[in-house]
Amino acid sequence: FRDVSFTYDGAETPALSHVSFTVEPGQTVALVGPSGGGKTTAASLIPRFWDVSSGAVLVGGVDVRDMDPHALMDQIAFVFQNSRLFKTSILENVRAARPEATREQVLAALMAAQCGDILEKLPKGMDTVIGTEGTYLSGGEQQRVSIARALVKRPRILILDDALSAVDAKTEQDIWQSLRGVFAGGTSGIVVAHRVSALQNCDEILVLERGRIVEHGTHEQLMALGGVYHSLYSMYGAFDG
Ligand code: ADP
């Protein structure tokens with residue numbers, strides 16, 4: 001992000017103001033801060049749900065607006081809080097991110113996303129069409145399949161925006177273990193974090209407040225600073241007040 005500002009159509013104040021940061025290959029950056037601070041907006045600019053008002057978002061040094069949209073999307077996987085599945089089989093849902101993926105690769109992604117119990121309870125395993133009678137998945141189950149869809153792509157950039165909010169704490173930790181392997185393989189991570197547990201897995205934390213990066217550093221550094229991060233953490237033990 002190079003001096004990125006962004007104002008939604010019709011809004012009076014910018015959602016992001018002069019935001020600059022870099023995520024290296026293999027590095028994971030967490031975005032935290034009060035609700036409305038601009039975290040989701042920042043994440044949304046990478047796959048170009050919106051384009052910057054000024055400044056630039058660059059991937060591999062190239063302005064995303066100058067990239068072929070397919071080339072950009074090939075490098076990015078994202079799971080947003082309300083990521084939904086299609087009314088087709090689990091296999092095809094996961095494969096949507098990478099049509100040439102084999103069954104084995106889809107299964108490996110599903111297992112990495114802790115979906116083994118889901119496959120077990122469905123009558124035809126990963127060939128079960130979901131969203132039909134008797135095969136509805138809970139919010140947390142849908143999030144896990146969405147994670148599998150992101151993992152099968154083996155993206156250069158993985159964006160997780162509240163992507164594990166409906167998953168229980170133990171499963172979340174198990175999924176993070178898989179994610180750590182993905183990031184160790186050179187994927188860059190952008191994680192909008194609402195829970196403390198996610199931050200243990202991030203190299204750097206950026207605190208966004210009213211569209212600006214007001215603090216950045218590790219958990220320990222930010223706690224020692226005694227600022228916004230410290231007060232959010234002390235008050236809620238979480239970051240989305
Ligand atoms: P966060 O993810 O930190 O909670 P957001 O990025 O969702 O913050 O929101 C940043 C600001 O932009 C807020 O003031 C919010 O009301 C506004 N905003 C978010 N989405 C939209 C939208 N689609 N249209 C207009 N304003 C929006």
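**Stop one: a charged pair**

Select Asp51 first: at 30% relative accessibility it counts as partly exposed (buried means under 20% relative accessible area, exposed over 50%, partly exposed in between, with a 1.4 Å probe and protein chains only). Before you go on, note that this is a predicted model, where local features need pLDDT of at least 70, side-chain atom pairs count only at pLDDT 80 or more, and totals for chains, interfaces and linings use all residues. Residues are numbered from 1 along each chain as its sequence is written, and side-chain values use heavy atoms, with hydrogens and water left out.

Asp51 and Arg48 form a salt bridge, with their closest N and O atoms 2.7 Å apart. A salt bridge here is a side-chain nitrogen of Lys or Arg within 4 Å of a carboxyl oxygen of Asp or Glu. By this rule the count comes to eight salt bridges.

**Stop two: two other salt bridges**

Select Arg95 and Glu92, whose side chains meet in a salt bridge at 3.1 Å, N to O. They sit three residues apart in helix H3 (residues 90-95), so about one helical turn separates them. Helices (H or I, at least four residues) and strands (E, at least two) are DSSP runs, numbered from the N terminus. Which of the pair is buried? Arg95 is, with a relative accessible area of 18%, whereas Glu92 counts as partly exposed at 35%.

Next, pick Arg103 and Asp127: another salt bridge, with the closest N and O atoms 3.0 Å apart. This pair links distant parts of the chain, 24 residues apart: Arg103 is in helix H4 (residues 103-112), and Asp127 is in the loop between helix H5 (116-121) and H6.

**Stop three: a buried lysine**

Jump to Lys39, in helix H1 (residues 39-45). Lys39 counts as buried, at 5% relative accessibility. Its side chain reaches the backbone oxygen of Pro34 at 3.2 Å.

**Stop four: the sheet**

Show the strands as a cartoon and find the open sheet of six, in the order S7-S8-S9-S3-S10-S11, with mixed pairing. Two strands pair if DSSP finds at least two bridges between them. At the edges are strand S7 (76-80) and strand S11 (212-217), each pairing on one side only.

Finish on strand S8 (residues 157-161) and strand S9 (residues 188-192), which pair in the parallel sense over five bridges. Click Leu160, and you'll find its bridge partner in S9 is Val191.

Methods
A polar contact is a pair of N or O atoms within 3.5 Å; within protein, one must be able to donate a hydrogen and the other to accept it, and residues adjacent in sequence count only if both atoms are side-chain atoms.
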